[in-house]
Amino acid sequence: LLKVFQGCRRASLCSGYGMAERIKVILRVRPFNSRETQEEGGTQEAFTLRAPGTVTLVNTRDGAGGDPYSPQQDASSRLASGAQQHVGTSSFGYDHVFASDPDGPCFATQETMFDAVGMPLVENALNAYNGCAFFYGQTGAGKSHSCLGNPKSEEQKGLLPRCCERLFQALQEVKDTTPGEVKYNVLVSYLEIYNEKLSDLLAPKSQAKDLQVRLHPQLGPHVPGLSQLPVLSYDAMDDILEEGAKQRIVAATNMNATSSRSHAIFSVDIRMNKSGVDSQAHIHFVDLAGSERQKKTGAEGDRLKEGIAINQSLSVLGKVISALSSSKKGGPAPFRESKLTLLLKEALSGNSRTVLIACISPSMYNQEESVSTLEFASRCKMIATSAAKNQVDRRDQIEALEAEKKEMEDLLGQI
Ligand code: ADP
């Protein structure tokens, strides 16, 4: 009996290892902004798009780019150059490409993004699978618009508020269809990483603590002391989001920075018991710092050094992605070299269904930065995670206990 009890206590909410699944990659191209339209050649498009997921570089003056599907290039030379398969070629393929021109190819609204990316994240979480959505790209490329958008606008709300809204609707539906059999808890946390320091965006300022990331053998990476607030409805979640976003701006101003230099992670943790089955899953929404190269920001001297240090998490993320996607399989990926990568270890290589939303500008003016985002996104496409169902059927454990008890009673009866 003791053995069975110990087994139950040790049992984490995990039914074993999951199947390897590749990280999904979505490319989102924002509309031209006024700065681009005013720059020389600003309205010149840097890419041609083809539904559902192909992007081809438009030739630049120095000859880069070009359409690998042009009649001049036959199939064998395309294959030889590895077009569409390898980083460094002029055509890139993703799970989806979403653009903002209603008359052009691949047009997508915030709602389209939610249907393709958000709905599966929510459904997976309700089925006890962890999820993570990363938003990557240079400053101004559309990361915050895609992640948060304007939560107060029905049309403009981003992926995060839409997922939260759907989550509470779905939980209510489960409760209505199986009355009395379902109990659930939703907890949220909101974290910022700036210059390798962690801030709790949901803690009162007076309770600011020095937070650290720890690796727990069962829980995986976690942050002891980070606030986890219980949330009962979407409206309450919306208030929390607003409060956290305000704190992010205050924190950035205090540090003489802009929020484009920090990473924000909003996490939703769902714990459910349905007819004796315990399940748990989280969704992380990760709005990363701007990926632009520091040289390009015009910073020099100490400011440049500071910029590089601030972006340590992002450059380590690049190294981790390169190591995980490399076919040569060199040494282990350097997760421990930054807070961000350590915290998101599972999302990048373990128990999570992960999606990358890579955001770019449409303009030739930004083509160089956009290409670096496209290359990052292509490497992510080569990475697999292995999501497992975080679920324990307590009924099985009770049955096992009863069977063991009966066995012991029979044994005792024979003595
Ligand atoms: P980032 O978070 O990457 O720095 P933002 O999300 O703040 O960039 O986007 C910069 C500007 O471009 C914002 O004014 C935003 O509303 C606008 N924008 C970005 N993506 C889109 C889009 N897909 N459709 C319409 N406007 C967009």
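In the predicted model, helix 9 and helix 12 meet through Gly318, Ile321, Ser322 and Ser325 on the side of helix 9 and Phe376, Arg379 and Cys380 on the side of helix 12. Contact here requires C-beta atoms, placed from the backbone, to lie within 7 Å of each other. The residues of this contact comprise 3 nonpolar, 3 polar and 1 charged; Ala, Val, Leu, Ile, Met, Phe, Trp, Tyr, Cys and Pro count as nonpolar, Asp, Glu, Lys and Arg as charged, and the others, Gly among them, as polar. Helix 9 spans residues 312–325 and helix 12 spans residues 367–380, and the two pack at an angle of about 45° with axes 9 Å apart. Helix 9 and helix 12 are therefore oblique to each other (under 35 degrees is roughly parallel, over 145 roughly antiparallel, 65 to 115 roughly perpendicular, and the rest oblique). The crossing of helix 9 past helix 12 is left-handed, a term for a near helix turned anticlockwise from the far one by less than a right angle, with right-handed used if clockwise. Axes are lines fitted to C-alpha atoms, for helices over the stretch in contact, and angles run from 0 to 180 degrees between N-to-C directions. Helices (H or I, at least four residues) and strands (E, at least two) are DSSP runs, numbered from the N terminus.

Residues are numbered from 1 along each chain as its sequence is written. As the model is predicted, local features need pLDDT of at least 70 and side-chain atom pairs count only at pLDDT 80 or more, while totals for chains, interfaces and linings use all residues.

Helix 4 and helix 6 (residues 159–177) also pack at an angle of about 45°, their axes 9 Å apart, which makes helix 4 oblique to helix 6. Helix 4 passes helix 6 in a right-handed crossing. Among the residues making the contact are Met113, Phe114 and Val117 of helix 4 and Leu159, Arg162 and Cys163 of helix 6. By class, the contact of helix 4 with helix 6 has 11 nonpolar, 1 polar and 2 charged residues.

The loop between helix 4 (110–126) and strand 7 (131–136) holds alanine 128. Alanine 128 has a phi near 75°, a positive value in a residue other than glycine. Most residues other than glycine have a negative phi, and most peptide bonds are trans. A cis peptide bond, with omega about 0°, joins alanine 51 and proline 52, and proline 52 lies in the loop between strand 3 and strand 4.

An open sheet is formed by 3 strands in the order 3-4-5, with antiparallel pairing; strands pair if DSSP finds at least two bridges between them. Strand 3 (47–50) and strand 5 (91–93) are the edge strands, each pairing on one side only. From one strand to the next, the twist averages 20°. Strand 3 is joined to strand 4 (residues 54–57) by 4 bridges, and phenylalanine 47 has leucine 57 in strand 4 as its bridge partner.

Strand 8 (residues 182–194) and strand 9 (residues 197–200) run antiparallel and are joined by 4 bridges. Isoleucine 193 is partnered by leucine 198 in strand 9. The two strands form a hairpin with 2 residues between them, and asparagine 195 in the turn has a positive phi of about 50°.

The ligand is surrounded by 15 residues, the closest being Arg30, Gly142, Lys143, Ser144 and His145; a residue is near a molecule if its C-beta atom, placed from the backbone, lies within 6 Å of it. Helix 5 (residues 143–147) supplies the largest share of this shell, 3 residues. The shell divides into 3 nonpolar, 10 polar and 2 charged residues.

How values were computed: Two residues are in contact if their C-beta atoms, placed from the backbone, lie within 7 Å.
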